[in-house]
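Biologist: I am new to this one. Please show me the structure, and then I will ask how you know what you say.

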Amino acid sequence: MSALALTVAAPAAAWQRPAFDLEALPHAPRSVVAYRTAVPLTIDGRLDDPAWQATAWSAPFVDIDGVRPVRHATRMKVLWDDQALYIAAQLEEPDLWATITTRDAVIFQDDDFEVFLDPGNDTHAYYELEVNALGTAWDLFLVKPYRDGGPALHAWDIAGLRVAVDVRGTLNRPGDRDEGWTVELALPWETLREAAPERRAPRDGEQWRLNFSRVEWTMDVVDGRYRKRLDPTTDKPLPEDNWVWSPQGAIDMHMPERWGVVQFSDAVAGSRVVPFVEDRNDRVRWALRRLYYRQRAHRAAHGRYAPDLATIRSDEIRVDGLAFLPVMSATASQFEIVAPGFDGTMVHLVQDGRVSVRPAPGPRPTP
């Protein structure tokens, strides 16, 4: 389908903003600079390596919707070297409990810590890793988000993954007050490069999308054991809390466009401060994502995608520092939208949500 084929205009009144408006959610992804560690880390969960000590903690996690308060503090750190991406997290927890010991079980049925990583920043081909306080891991590969029909490959594993936890208290023992737990992860580039641009590890200055989540259940003590608190109207466990590093704005981690950003630096942790540099095309990605949300709402209401940009009021959308001039081609079941980006690029988005940045086509050479 040609991205440059304009469609015939239709009445703008055909589109209505959905009741739950993803566009209205604040779009302010957090960022972190990942420094290098000059010596290999000891993955033991204790975080006493000099590189970790030289690395600042992130801002505290917030509720996934960015509004409700959290009950216990969570924070993280990131490092890297030629072998792996390293992640550390500290979770305050007065009642430590964990039950799952089988690899690749559904770990979020326990309290857990989760990592989401999109190397291509295109919302497709991303990784998810969950770990509980017993150090049990569940890793999976998402071809695309669930909303876009993407399967999760549960049999996929992060080959060479190293996981360690350090528990400060007593697991599964009600009646005392625990401090919490730390988790330390090593994710080898040999596996992570599978979905990375050019199928390689990152280079100095490059950026990947990532986010972190903590699942926390509300517990009661029954017959001397922890049990998830039940909803008296349904007799089923109350919904879990989800606390995240970069707020999603909705209870859905599988919106990669709303994750934070990690920028990789060759500077050794503690040697100097490297500023985070905004990718200005992220502004264009977000503008196109707003049109994606509108197309999905239109299809939900009318059974087909809007045939033109006037129907979904693209003229309402602005990009700071750039004229937003999208072009769309669409059928009842497909669409593609293309807009000029910064620095001589074109930004593309298609109906399954994948977004990509490419060089703008130049003039054809003279024969």
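Modeller: Start with the lining of the second largest cavity: Val115, Phe116, Leu117, Tyr127, Glu128, Leu129, Ile158, Leu187 and Leu192. Keep in mind that this is a predicted model.

Biologist: What makes the second largest cavity a cavity, and what is its volume?

Modeller: A cavity is a space where a 1.4 Å probe fits but cannot get out. The second largest cavity has a volume of about 50 Å³. The cut-off for the count is 30 Å³ or more, and three cavities are counted.

Biologist: How do the residues of its lining divide by class?

Modeller: Eight are nonpolar, none is polar and one is charged. Glu counts as charged by definition, so Glu128 is the charged one.

Biologist: Which strands each supply at least two residues of that lining?

Modeller: β5 (112-118) and β6 (126-131) do.

Biologist: What lies in the loop between β5 and β6?

Modeller: Ala125 is there. It has a positive phi of about 55°, although it is not a glycine.

Biologist: Why is Ala125 called partly exposed?

Modeller: Its relative accessibility is 23%. Buried means under 20% and exposed means over 50%. The value falls in between, so Ala125 counts as partly exposed.

Biologist: What about Asp104: where is it, and what is its phi?

Modeller: Asp104 sits in the loop between β4 (84-92) and β5. Its phi is positive, about 70°, and it is not a glycine.

Biologist: Is Asp104 buried, exposed or partly exposed, and how do you know?

Modeller: Its relative accessible area is 26%.

Biologist: Now the largest cavity. What is its volume, and which residues line it?

Modeller: The volume is about 80 Å³. The lining is His27, Asn121, Asp122, Thr123, Arg209, Glu257, Asp282, Arg285, Trp286, Arg289 and Val355. The largest share, four residues, comes from α3.

Biologist: How does that lining divide by class?

Modeller: Two residues are nonpolar, three are polar and six are charged. Trp and Val count as nonpolar, so Trp286 and Val355 are the nonpolar pair.

Biologist: What makes a pocket something other than a cavity?

Modeller: A pocket is an open set of points, whereas from a cavity the probe cannot get out. The largest pocket holds about 520 Å³ of space. Of the 23 residues that line it, the closest to its centre are Gly120, Asn121, Gln207, Asp279 and Arg285.

Biologist: Which elements give two or more residues to the lining of the largest pocket?

Modeller: They are β11 (207-216), α3 and β21. The largest share, four residues, comes from β21. By class, the lining has seven nonpolar, six polar and ten charged residues.

Biologist: Where does β21 stand in its sheet?

Modeller: The sheet is open, with four strands in the order β18-β19-β20-β21 and antiparallel pairing. β18 (327-330) and β21 (355-359) stand at the edges. Each has a single partner strand, so one side of each is left without a neighbour in the sheet. On average, neighbouring strands are turned by 20° against each other, direction ignored.

Biologist: How do you know that β20 and β21 pair?

Modeller: Two strands pair if there are at least two bridges between them. β20 (residues 345-350) and β21 have five bridges, so they pair, in the antiparallel sense. Leu349 has Val355 as its bridge partner. Val347 stands opposite Val357.

Biologist: What is found between the two strands of that hairpin?

Modeller: Four residues lie between them, and Gly353 takes a positive phi near 90°.

Biologist: Which helix lies across this sheet?

Modeller: Helix α3 (residues 281-302) lies across β18, β19 (335-340), β20 and β21. It runs at about 25° to β20.

Biologist: Why is Gln295 called buried?

Modeller: Gln295 lies in helix α3. Its relative accessible area is 0%. The cut-off is under 20%, so Gln295 is buried. Leaving aside neighbours within four places in sequence, Gln295 is in contact with Tyr305, Ala306, Ile312, Met328 and Phe335.

Note on methods:
Residues are numbered from 1 along each chain as its sequence is written. This is a predicted model: local features need pLDDT of at least 70, side-chain atom pairs count only at pLDDT 80 or more; totals for chains, interfaces and linings use all residues. Side-chain values use heavy atoms; hydrogens and water are left out. Axes are lines fitted to C-alpha atoms, for helices over the stretch in contact, and angles run from 0 to 180 degrees between N-to-C directions. Contact means heavy atoms within 4.5 Å. On a 1 Å grid over the protein atoms alone, a cavity is a set of points where a 1.4 Å probe fits but cannot get out, and a pocket is an open set with protein on both sides within 12 Å along at least five of seven lines; lining residues have an atom within 4 Å of a point. Grid points are joined across faces, edges and corners, and a volume is the space filled by probe spheres set on the points. Buried means under 20% relative accessible area, exposed over 50%, partly exposed in between (1.4 Å probe, protein chains only).
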